[in-house]
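Reader: Here is a model I would like to go through with you. Please set each label against its definition as we go.

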Amino acid sequence: MTLPPVLQAQLRDLVAHEGNPRAAMLESLRLVQAAEGWVSDDRIPQIAAELGVTPAELDATASFYSLIFRRPVGRTVILLCDGASCGLNGADAIRDALMSRLGIGYGQTTPDGRFTLINSACVGGCDRAPAAVIGPDRTLVGPLTADTLNAVLEEAP
Ligand code: FES
């Protein structure tokens, strides 16, 4: 399946705005992910062609950033911080509770397609440790406790 025309146009606008195809690589991946939920292997050469970079260059960028999803993800992605501040504030217990409740490990999606759990370096909420970034709007949630965790999971689509 080829890139939808609206995405092709957005990518061309992005390159024109950035003035350099390489500077547009990460944002181009974000654009495609926002539209399709993830970035498939098939999309890499298509996006690269629109940008004017090689597929290998774009693939390297896509593989480097953990927030560019290379496999389908659930409706709600939970980026659970495994940074030092969170580790000192009980992140291990939150991780264990989350994995037990969802029945999945890192990098996995629940069978109903509702949640994907990913471990992440510092998510920028050390003052709210243990913290996570959750959902398509990337809401920073913390400090996570059994109660806040339950509330977040129940509110998720
Ligand atoms: S170490 Fe977890 S938010 Fe910074």
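Author: Two strands count as paired if DSSP finds at least two bridges between them. Strands themselves are DSSP runs of E with at least two residues, helices are runs of H or I with at least four residues, and both are numbered from the N terminus. This is a predicted model, in which local features need pLDDT of at least 70, side-chain atom pairs count only at pLDDT 80 or more, and totals for chains, interfaces and linings use all residues. Residues are numbered from 1 along each chain as its sequence is written, and side-chain values use heavy atoms, with hydrogens and water left out.

Reader: How do you know that strand 1 and strand 4 pair, and in which sense?

Author: Strand 1 (residues 76–81) and strand 4 (residues 132–134) share three bridges, in the antiparallel sense. The definition asks for at least two bridges, so the pair qualifies. Within it, L79 faces V133 of strand 4.

Reader: What is packed on the sheet, and at what angle to strand 1?

Author: Helix 6 (residues 91–102) packs there and touches strand 1 and strand 3 (115–120). Touching is a matter of contact, that is, heavy atoms within 4.5 Å. The direction of helix 6 makes about 155° with that of strand 1. Axes are lines fitted to C-alpha atoms, for helices over the stretch in contact, and angles run from 0 to 180 degrees between N-to-C directions.

Reader: Which strands pair with strand 3, and in what sense?

Author: Strand 1 pairs with strand 3 in the parallel sense over six bridges. Two of the opposite positions are L80 with N119 and C81 with S120. Strand 2 pairs with strand 3 in the antiparallel sense over two bridges, and T109 stands opposite T116 there. Two bridges meet the requirement of at least two, so this counts as a pair as well.

Reader: What makes the sheet mixed and open, and in what order do the strands run?

Author: The five strands are ordered 2-3-1-4-5 in an open sheet with mixed pairing. Parallel pairing is found between strand 1 and strand 3, and antiparallel pairing between strand 1 and strand 4.

Reader: Why is strand 1 called mostly covered?

Author: Buried means under 20% relative accessible area, exposed means over 50%, and partly exposed is in between, with a 1.4 Å probe and protein chains only. Six of the six residues of strand 1 are buried.

Reader: Why is A34 called exposed?

Author: A34, in helix 2 (residues 25–36), has a relative accessible area of 68%. The cut-off for exposed is over 50%, so the label holds.

Reader: Where are the cis peptide bonds?

Author: One runs from A129 to P130, with omega near -5°, and P130 is in the loop between strand 3 and strand 4. Another joins G142 and P143, with omega about -5°. P143 is in the loop between strand 5 and helix 7 (146–155).

Reader: What of the chain as a whole: how many helices and strands, and how much is buried?

Author: The chain has seven helices and five strands, and buried residues make up 40% of its 157 residues. The C-alpha trace spans about 45 × 30 × 25 Å along its principal axes.
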